[in-house]
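Reader: Could you walk me through this model, one piece at a time? I would like to start with the strands.

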Amino acid sequence: MAEATLKGVGVSQGRTAGPVVRMAAPPVLPAPRRVTDPGAETAAAAKALDALAADLERRAAHAGAEGAEILEALAMMAADPELREQAEAHVRDDGLDAPHALDAAFSAHQKALAALGGYLAERAADLDDLRSRAVAAALGLPMPGVPDPGHPFVLVAADLSPADTVGLGPRVLALVTERGGPTSHTAILARGRGLPAVVACAGVTDVPDGTVVGVDGVTGEVTVGLTGEEADRVRESDRRDRERLAASTGPGRTADGHPVRLLHNIGSAADLRPGAEGVGLFRTEFLFLDRRRPPSHQEQVAAYAEVFAEVFATGGPVTVRTLDAGTDKPLPFLGLPAEPNPALGVRGLRVDRVLPGVLDAQLDAIAEAARATGADVRVMAPMVTTAREAADFARRVRAHGLARAGVMVEVPAAALQADELLAEVDFLSVGTNDLAQYTFAADRQHPGLSDLLDPAQPALLRLVGMCAEAGLRAGKPVGVCGEAAGDPAVAPLLVGLGVSSLSMAPVCVPVVREALAALTLEECRERARLPWR
C-alpha cells in the first residue's frame, strides 16, 4: 500500500509502528426465528445476560484497579433488571427470539443514552459492545474480543469498548479507532497503560490487515505503508524518548529556576504515580459513578483517606474536587432527573440547589479523612458561576474545619469575575476542557470540532490569563487542571500567562517537566504575548 497519512485526535503520547490487525466485526443476527416456546426464549435471553455479566466479572478480577472498576460497572449494566425485563417483554409482546429480543432491548437503551448527549452519549458505545457480546452468547458464538495474531501489532477498530481495552495483551503496540473522543474509556485506559493512541481517525478501518503503519499519539497522525526499516526507526526513536523522559525527575521549574508545581489528576489512589508534587485534581465522583445507593459516611472516609495517606507520604498537597455530578455525568444514587440539555443544566455545585445534604455529607467525610491522615487537603467546587456561589461554598468548607477552599473556573462568567471569586476563596483551578466547551459552544466530545477545542485558541488563553492576573493581584495561586496542562506545547504558554501550577494525567508529567526546563520564564512570557495582550 502506498504511503499516506491519516489524521485523527491524539489522546495518549508516544510513537510506534507495526502491522495493522483489525478488530473482528460484531456477530451478524440471522433471520428471526418463529417462537414456539416463549419461556425457553426468555430463559435463553436471561442465560446470555448472566454469561455476559460473569465474563465481565472474570475479566475484572484479573485487571488492574482502574480497569477493574470499569469492568465491574459494565457487569452491573449487563445485570440491570430493567434490561432483562425489556428483553422478556420483547419475547412476550413482540414474539422475538432471544437474540433479537436482546438486540432490541440494548438498542432502546443505547438510543436513550445517545439522545442525552455528552458523557451519556459516549457511554452508549459501551452498550453497543455489551449488545454484541450478549447476542453472541445467545447465538452460542464466542464473545467478540481483541485478536491475538501471535506477534506485536497496531490494533485498529471502529471503536473499542472498555472490556476490550482493559483486556489488551502485551503484543498491542498502539490503538487507533475511527470513532471515540479524548475523554472516552479508550483514551483514559490507553494513557494509563502508556500506549500511543489515536481516536476519531476517519478511514483507518479501511487499512488492510498486515499494512505497516506509524502511530503518533501526540499529533494524531497515522502514517500508512511504512517499510520495515522505517518502522524500526520510529520504534527506536520512541524508545530513546521514553528512556530520556524516565530519567526526568525533580520539581517543575523553568530553565532559570522559576517554580511551577506539577501535579496529578486522579480518580482514585490507583492512579497515583511517582514523580509528581501532589494532586491538583482528585475527581471524587469516579469513586461512585455506578452506585445505586448513596455511599455511607465511612465508605467515603475510607476512599478519601486512602488517597490522602499516599499523597501525604510524598509531602505534597491534594486538591479534592467535590462531586462533579449531573445528568451528563450521572451518579445514579442522586436520582437526578433527565434534562433536555445536560451540559447547561444541574451539574457540579448546582446539584446543591436540589440536594443540599450531599455536599455537606461529602465535606464531613473529607474533613474526617484529612484529620486522620494529616494530609494537606484543599477542597474546590466545580461549575461555579458567581461570587455568591463561591462565598457560600467557602463558608461551608471552613465550617467543616477545612482550611483552604477554592473553585474551578469552567465557564466564561467565572473567568470574567476572577477578582471577585478570589475575594471569597483561597485559589482558582482552571478546567480548560469545559472552559473551551462553553467558550466556543462546542461539545468537548465532538471529534469534528477539535480545532475549536484547541487549548491554544486565543480566546481561551485570554480567559486563563485573566484568572492568572487576578491571582497575582490577590497574591493567591491559580492553577490549570484541564488537558491543556499536560500538553508540552501549551504548558509554557500557561506559565507565561502567570499560572502557578499545572495538574495533568500522571503519564504527562515527565514531558511537561522537560518542556518547561528548556525555557526561561521570560521565554514563556514571550510565547504568551498574543495580539490581544
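**Strands, a helix and cysteines**

Author: Happy to: strand β3 (residues 15-22) and strand β4 (residues 153-157) run parallel and are joined by three bridges. This is a predicted model, where local features need pLDDT of at least 70 and side-chain atom pairs pLDDT 80 or more, while totals for chains, interfaces and linings use all residues. Residues are numbered from 1 along each chain as its sequence is written, and side-chain values use heavy atoms, leaving out hydrogens and water.

Reader: Which residue of β4 does R22 stand opposite?

Author: Strands and helices here are DSSP runs numbered from the N terminus (strands E, at least two residues; helices H or I, at least four). Two strands pair if DSSP finds at least two bridges between them. In β4, the residue opposite R22 is V156.

Reader: In the open sheet of eight strands, which are the edge strands?

Author: The order is β1-β8-β7-β3-β4-β5-β6-β2, with mixed pairing. Pairing on one side only marks the edge strands, β1 (4-7) and β2 (9-12).

Reader: Are the two faces of strand β16 covered or open, and by which residues is that shown?

Author: Buried means under 20% relative accessible area, with exposed over 50% and partly exposed in between (1.4 Å probe, protein chains only). S501 and S503 on one side of β16 (residues 501-504) are buried, as are L502 and M504 on the other. Both faces are therefore covered, as shown by S501, S503, L502 and M504.

Reader: Which residue of β16 is the bridge partner of G479?

Author: Strand β15 (residues 478-480) runs parallel to β16, with two bridges between them. The partner of G479 is S501.

Reader: Which elements do the buried residues of α10 pack against?

Author: Among the buried residues of α10 are L359, L363, I366 and A370. Contact means heavy atoms within 4.5 Å. The partners are α9 (297-314), β11 (317-321), β12 (376-381) and α11 (387-399).

Reader: How many disulfides are there?

Author: A disulfide is a pair of cysteine sulfur atoms within 2.5 Å. By this rule the count is zero.

Reader: What is the nearest cysteine sulfur to that of C508?

Author: C508 is in no disulfide. At 13 Å, the nearest cysteine sulfur is that of C481.
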